[in-house]
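Please read the points below with the model open beside them.

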Amino acid sequence: MSRTKKLSLSLLFVFAFVTFFNPLAKAFADESISSTKADLKVGQVYHGFKLTEQENLEDFDGIGRIFVHEKTGAKLFQLQNNDKNKTFVVSFRTPVDNNTGKPHILEHALLLGGSEKYPIKQLMTQIDKGALTNLLNGWTFSDKTAYPFSTVNDEEFNNIMDIYLDMAYNARIKEIENIFDEEAWHHEIFNENDPIKYTGVVFNEMKGALSSSDRIFSKAIDRSLYPDTVYNFLSGGDPKHIPELTYEELVEFYETYYHPSNSYIYLYGDMDILEKLKLIDENQLSAFSKKDIDSTIKPQTPFTKPVTYEADYSIPADASTDNATYLSLNFSVGESKDVKNILTISMLDKLVFDNPASPLIKNLHNAGFDTVNGSYSLAGIQPTISIIAKNTDASKKAEFEKIVFDSLKQIVNEGIDAELLESTLNSFVLEDKLAKSYNKDTGINLYHSVALELNYDGNVFDMFNTNSIIEGFKKATETKYFETFLQEKIIDNNFRSLVVLNPVPGLSAKEQEAEAKKLAEYKESLSEEELANLIKENKALVAWQNAPDNPEDLAKLPKLKLNELTPKVETVPTEIKNIGDVKVLYHPAFTFGTNKLNMFFDSTYIKQEQLPYINLLTKLIGNLDTVNFKYTDIPKESLKYTNGISISPANFRSSTDTDVYSPKVQVSFTSLNENMNTSIKLVEELLFNTKYEDKNRIRTLLANLLVAAENDLYNSAYRYVNNENMAKFSDAEAYSKDANYYGYYELLVDLNKNFDTKFDEMVATLKEVSNTLFIKNNLVVSATLEEKHYDLFEKNITKILENLDTLDASEQKYKFNNVAPANTGYTFGSQVNYISQAFNINELGYKLDASPELLTTIVNSFLWQKMRVEGGAYGAYLWLYDSGNVAIFTYRDPRVAGSFEDLEILPIYLSNIELPEAQLEQFKISALAGYYTPSSVFEKASAADSRYFLNINEKDIQKEIDRIMNTSIDDIRKFGEIMHNGLRRDYKSVIGNNSTIEDANDLFPFVLPFILEK
């Protein structure tokens, strides 16, 4: 489940530029809106819901409606259109007044605790067994909690809508304290000689979340600007304060805010609205009456003078604090429900705050602030703009602040770059066309925009009427609109803060010691009888967790029937053509006058010792000067003609052999057809004319890349631990480790530490890799566009192909050390762990008969119960591939040795599994869900490209569908034998907490730091 969300720059950019600026239009459909059969009238009541407002949203090819349920006051917004992927959300305003995490814990309690009508433990996982949903989740924000799902199946939509509403309005948390103990926290002890520990899913989850310095920094910014509001508190919960929460307080919070009168229901897509209103009213709302609930989100009174706020984050005990401070200047700007205000903020971010060509960024870089970026948040009632500097020193805060304000004044005086403004606005035309293809996220992206109005009592339809604002932006150069906004809302704004995030060596370990001391004192305070009762309570909790649900209660869950489903593979056609010596994968499709081009350059000619440079090269291209462009001009050129040029590594792994893989560098862009020629020329300029001699610029970029890589290590530790583990026996994974994972990180550390001495060698290697990579005999091109535009594509792509060299070289024969070393544990500044155990089925001499998708569904269900419900980990999962690779891993896990011990039970469970036919059928339906996930035409084309490189055709995919349908219980039991022998290979890895890993020294005789000394 997604958690407390401070909306990031990238996420909000999607919302603003796809949802606000780029209205959805008719999505590859000729029919009119199919379910608007009823001619609804404003002021009329339909099944208890009064229609208060209705607008034709022509740009969105839909109708927007606002209803109010007369008996309860529940609000409902509907956007009716042709999207078959229907989306539902029920949300509540949930203001908090402390850091115990009440909204977050309630989110867990509702999704997993069951309801009056559906009294089932782990309710969400039971829904997911036998569901086709492509979204089933809960989200805790700073001031609201939301429960979304989406599905293409109308019967399933009705079923889950009823379950969601019942768990929201009639949750069992009111009667069952065990739900609180499991999901929030409790004192854990099973033997009187053992130490007492805190455990609970949310408690452990937030320990992992707050291991991220970025997460701590984000909260510090909120606290600095909004000290008298809900945003001063951590709605997800602070592990230091979660144990202060009592069960009674949580129930009181639930009964205060989880009532229809405080709820907002969102319906999106192609549906019969009268049917939905009838179901909601009769099944749920009719049982309630209106209630006065004060959940208003109160804004912060603006400051009369700026403030400075300091916070701490943990670094390893032996790490240096030099250049490890974070600084940010933060401005509270207007209201989130003011659409023009938030669009202006998002525009200014691209024009000023996060633009490498901006005087603000350039001046900070020139002053030695290498790692700088802009950010903005619409996560609360008052939007925030921030300019952030990382890897700096607290003594530079005055200099940082002065440069920021001097630079902003310079921008106001000199004016916004008119060409950049024009190119940014021109990119909206392209984005508008791209948004016309519905995909699985369209409905939920729109919800996030609508919620800004719903949650803060704004006008929802303002979100759909932005044309006049955009027209005004087009005249902004003449009117000086953005310059005036900068002067009034930023430069002259005293409602601002300077945040300093200080590194503290060993802070995490000190907090753990303090926690252990507190718990030891608590244990000491218990009498023998009290301790015995506590042990008894823990055993009773485990017994409750393991007790099966009543079959009669499980039968109440409405389910789809397997024999009523007709899964199929949605594809776009692929025509294999040749232009000279270059192969072209052509996907003819209706694309609204746009085209998407992918250029796949085979990277197997690159020397093995140069593999990490492939990733580095892709990160530098587009951020350095070329022969004809300054790096500051490249974003303008790119936005003017494309949706952005992406250059990144890709590794297509064989579906049948773990040592067979096809590594590429993928160059991608989408453009209007009339801009195709210019776009291709820009790609050619980037690939062949980039200049690598700007020492100061590259120094800055390397510093930024290292920060990004370390953030990725923390945020995606589960990927690194699995890669580390599978690289012991898989050449494909070993390649990825060297080229894209830890090998790339090691290269960045080395180049940053030894920049001056290694600069010339680095430049020479980058040029060699570039010259070896971007050649004609390495290339396959993929093009998705309408057939009438193919000749135009061929004409334009031929120009770049004619300039490509052909290299007289052969593929490198990479040799990786696949001899498994003694298992090694890796530590970083985290209070939780990420464990992995892996093996390869083929290496054991087995052939997998059962469907990998089905086995994954069944095993993940077991792991959820064993590792999450009982063990307290936030998650536990199986990765299983036809190549034979198997990885089982946990996520934000408080344990190490105990979790590996629990994995030993999995083969026994599988070997002796008993599944009634009806239950096996439900697992099969869940395994088929991926074949019911909607995707855009470009997403389908991308999947077709992957299948080409993996040598998979539609018949192969149909075989996989048949494999799901035909897998027997004996096939599943056979996997138990495979799992037993696989786990005996003893390929284990862990990344996480130092003391917990050292306690498992019999498993990990070697313990090394994961974060390298810089």
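1. Rings of Phe, Tyr and Trp (its six-membered ring) pair if their centres lie within 6.5 Å; planes under 30 degrees apart count as stacked, over 60 as edge-to-face and the rest as tilted. By that rule the whole structure holds 63 aromatic pairs. One example is Y790 with F793: centres 5.4 Å apart and planes at 55°, so the pair is tilted.

2. On sources: the model is predicted, local features need pLDDT of at least 70, side-chain atom pairs count only at pLDDT 80 or more, and totals for chains, interfaces and linings use all residues. Residues are numbered from 1 along each chain as its sequence is written, and side-chain values use heavy atoms, with hydrogens and water left out.

3. Y790 and F793 are three residues apart in helix α29, about one helical turn. (Helices, H or I of at least four residues, and strands, E of at least two, are DSSP runs numbered from the N terminus.) Y790 is buried at 8% relative accessibility, and F793 is buried at 0%; buried means under 20% relative accessible area, exposed over 50%, partly exposed in between (1.4 Å probe, protein chains only).

4. An open sheet of mixed pairing has six strands, in the order β17-β18-β22-β19-β21-β20. Two strands pair if DSSP finds at least two bridges between them. The edges are β17 (575-579) and β20 (646-653); each has a single partner strand, so one side of each lacks a neighbour in the sheet.

5. β20 and β21 (residues 661-672) run antiparallel and are joined by eight bridges. S648 has Q666 in β21 as its bridge partner.
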